[in-house]
Amino acid sequence: MVKNSFISVISQEENRGSVEFQILSLTNRIRKLSSHLELHRKDYLSQRGLRKILGKRQRLLSYLSKKNRMHYKELINQLGIREFKTR
């Protein structure tokens with residue numbers, strides 16, 4: 001339930017171009033595509049799209065971790081995603 005309340009707080013904000021909102025929207029798209037791919041395993045175009053979205057979210061998360069480490073940790077915990085390893 002924490003995820004849903006956090007999602008509603010971010011989605012009500014006016015700043016839809018913020019890094020946090022972009023990460024949130026990409027996470028929602030990733031979850032939708034993952035559930036789609038569970039049913040349609042041979043949908044290779046969707047697999048490619050999922051990989052592209054994952055890469056974009058990873059780049060945004062690395063940017064956020066460099067700019068504001070505490071906010072990054074908080075966002076990761078609230079969205080329930082794993083921490084990406086930085087190079």
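Helices here are DSSP runs of H or I with at least four residues, numbered, like the strands (E, at least two), from the N terminus. Before you click around: this is a predicted model, where local features need pLDDT of at least 70 and side-chain atom pairs count only at pLDDT 80 or more, while totals for chains, interfaces and linings use all residues. Residues are numbered from 1 along each chain as its sequence is written, and side-chain values use heavy atoms, with hydrogens and water left out.

**Stop one: T27.** Select residues 19-39, helix α2, and pick out T27 in it. Is T27 buried or exposed? With a relative accessibility of 2%, T27 is buried (under 20% relative accessible area, with exposed meaning over 50% and partly exposed in between; 1.4 Å probe, protein chains only). Leaving aside residues up to four places away in sequence, T27 touches R57, L79 and I81 (contact means heavy atoms within 4.5 Å).

**Stop two: helix α4.** Now follow L79 into α4, residues 69-79, where the buried residues are Y72, L75, I76 and L79. These four lie on the same side of α4, because they cover an arc of only 100° around the axis (taken from the directions from the helix axis to the C-beta atoms). Look at the other side of α4 for M70 and N77, both exposed. After α4 comes G80, with a positive phi near 75°.

**Stop three: the core.** Finally, show I23, L61, L64 and L79: they touch the most other members of the largest nonpolar core, which has 18 residues. Such a core is a set of buried Ala, Val, Leu, Ile, Met, Phe, Trp, Tyr and Cys residues joined through side-chain atoms within 4.5 Å. Helices α2, α3 (44-67) and α4 each give two or more residues to this core, and α2 supplies the largest share, 8 residues.
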